[in-house]
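Morning, everyone. Have the viewer open while I talk.

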Amino acid sequence: MASESRPNSSGEAHSVVTRFAPSPTGFLHIGGARTALFNWLYARHHGGKALLRIEDTDKKRSTQEAIDAILDGLDWLGLDYDEEPTFQSQRAERHAEVAHKMLEAGHAYKCFATPEELEAMRAEQRANKQPMRYDGRWRDRDASEAPAGAPYVVRLKTPTEGEATIQDEVQGSVSVKNEEIDDYIILRADGSPTYMLAVVVDDHDMGVTHVIRGDDHLNNAFRQLPIYRAMDGIEGGWPDPVYAHIPLIHGSDGAKLSKRHGALGVEAYRDEMGILSDALFNYLLRLGWAHGDREEVAREEAIELFDLAGVGKSPSRFDLKKLENLNGHYIRAADDRVLADLMLPRLPDGANADMLVQAIPVLKTRAKNLDELVDGAGFLFASRPLSMTEKAAKLLDEDGRKRLRFVSEQLAQENSWTIEALEASTKALAEDMGLGLGKLAQPMRAALTGTTTSPGIFDVLVLLGREEALARLDAQVAES
């Protein structure tokens with residue numbers, strides 16, 4: 001387990017600082033949301049700081065729409081941050097400053113290799129079945145050897161001997177031979193910084209102590225460490241961060257997660273699938289992290305329990321049915337007024353919130369998402385004449401309508417419009433007619449809701465109220 005604080009090179013203690021750093025080239029997908037959650041929980045668990053950085057240096061693909069969607073998704077999940085977001089694109093001058101400091105100190109160098117030379121180098125490596133790496137042709141050459149005014153990039157001078165080892169909080173001890181890391185570009189020919197440089201500079205300047213991210217970035221850690229080491233000797237106070245590389249999420253079939261598995265933007269779970277924020281929070285928490293056999297963990301408890309020791313090394317599997325079942329639990333536990341507020345935008349204009357609150361205890365017993373709640377509540381706000389499903393229309397044949405006439409006459413005499421009284425009265429009628437209760441309940445449901453599925457028929461009668469319920473029954477009787 002990582003300690004709550006660690007010394008920097010001057011011996012001072014740093015409290016935990018984590019960061020979530022999405023690229024705004026798309027919406028907040030499910031994998032990114034889980035990474036954000038783990039960073040947020042780790043910082044909150046240790047009383048540290050959770051920071052947000054928008055890595056918007058790819059100007060062609062970064063959009064304001066994606067930035068807004070990411071911020072909206074994080075806010076919906078309840079992930080708050082301790083400072084205003086940092087935008088990487090606004091820090092290019094600082095990134096270049098660090099590159100030039102390394103250049104002056106001999107930790108980086110100018111490379112004048114032309115695109116044609118580099119392509120010839122790669123072609124030779126492919127032909128010889130060698131790893132595709134820059135061969136260091138300008139590493140030990142003097143810039144004066146280049147033609148006057150020739151364009152150049154700045155490359156980091158990485159170690160060529162020995163190996164680097166990371167004590168990863170999830171993956172354990174991981175080592176890579178230094179010869180496998182080539183001298184990569186940190187400043188492009190136009191002077192702009194590359195992603196690999198910008199990430200390290202931003203993490204240092206933001207005081208990030210723990211880098212928690214997907215294990216597809218594990219190789220990047222070994223490429224980024226030489227920058228920390230070089231700058232620690234130049235500026236001082238550039239300690240290595242603690243790394244925790246989380247296994248990626250796979251689909252239920254074990255394949256790489258894709259849209260067919262449910263790899264959608266967070267907003268799709270909220271808007272299109274009717275998933276509650278608390279349910280997705282809980283599901284993402286359990287997607288790769290465990291605390292015994294616990295499945296349902298509330299937010300405050302998650303902060304108390306979460307630590308990196310509980311994160312598994314194997315990829316977790318996304319199971320949409322499991323998410324929906326968990327969502328059903330949260331729907332049943334949710335405050336009825338809160339659910340009504342979430343449902344109203346999905347219902348026709350004029351839907352009555354108070355009537356909805358009254359109906360929700362009946363509606364939410366089997367619902368797994370907000371759409372199922374809305375579908376179940378639809379009959380409450382339907383206007384006469386009701387539209388009928390094909391199955392409901394079949395129940396309202398000549399025999400069905402005749403039975404409804406007797407039901408309507410019986411219920412019109414009922415003085416107590418309660419579930420108990422209506423049930424007793426309808427059962428007595430069924431017995432007098434020599435019918436099972438279902439033979440009356442089925443056409444009643446069709447007449448009252450326009451469907452063949454609804455809450456209990458006596459719940460429906462009470463929720464609609466005496467006047468509306470009798471009007472709907474009589475409307476069908478009148479057609480016979």
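**Rings, charges and a sheet**

Start with two side chains: Tyr283 and Phe318 are both buried. Keep in mind that this is a predicted model.

How are two aromatic rings described as a pair? By two values: the distance of the centres and the angle of the planes. A search over the whole structure turns up eight aromatic pairs. I will show you two of them.

First on my list is Phe112 with Tyr152. Their centres are 5.3 Å apart, and the planes make 50°, so the pair falls between the 30 and 60 degree limits and counts as tilted. Where do the two residues sit in the chain? Phe112 is in the loop between strand E6, 108–111, and helix H4, 115–127. Tyr152 is in the loop between H4 and strand E7, 153–156. That puts the partners 40 residues apart, so this pair links distant parts of the chain. Now accessibility. Phe112 has a relative accessible area of 11%, which is under the 20% limit, so Phe112 is buried. Tyr152 comes out at 29%, so Tyr152 counts as partly exposed.

Next, back to Tyr283 and Phe318. This pair is edge-to-face, with 5.5 Å centre to centre and 90° between the planes. Tyr283 belongs to helix H8, residues 277–285. Phe318 lies in the loop between strand E14, 316–317, and helix H10, 320–333. So the pair ties together parts that are 35 residues apart in sequence.

Phe38, Trp289 and Phe306 make up one aromatic cluster.

Now charges over rings. Which ring lies under the charged end of Arg141? The ring of Trp138, with the charge 3.7 Å from its centre. Then look at Arg270. Arg270 lies over the face of Trp76, 5.8 Å from the ring centre.

Last stop, the sheet. It is open, has three strands, and runs in the order E6-E7-E10 with antiparallel pairing. Which strands form the edges? E6 and E10, the latter covering 185–187, each pairing on one side only. Neighbouring strands here are turned by 45° against each other on average, direction ignored. E7 and E10 run antiparallel and are joined by two bridges. Arg155 stands opposite Ile185 in E10.

Helix H3, residues 92–104, lies across E6, E7 and E10. H3 runs at about 115° to E10.

That is my tour. Over to you.

Note on methods
Residues are numbered from 1 along each chain as its sequence is written. This is a predicted model: local features need pLDDT of at least 70, side-chain atom pairs count only at pLDDT 80 or more; totals for chains, interfaces and linings use all residues. Side-chain values use heavy atoms; hydrogens and water are left out. Rings of Phe, Tyr and Trp (its six-membered ring) pair if their centres lie within 6.5 Å; planes under 30 degrees apart count as stacked, over 60 as edge-to-face and the rest as tilted. Helices (H or I, at least four residues) and strands (E, at least two) are DSSP runs, numbered from the N terminus. Buried means under 20% relative accessible area, exposed over 50%, partly exposed in between (1.4 Å probe, protein chains only). A charge sits over a ring if NZ of Lys or CZ of Arg is within 6 Å of the ring centre and within 35 degrees of the ring normal. Two strands pair if DSSP finds at least two bridges between them. Axes are lines fitted to C-alpha atoms, for helices over the stretch in contact, and angles run from 0 to 180 degrees between N-to-C directions. Contact means heavy atoms within 4.5 Å.
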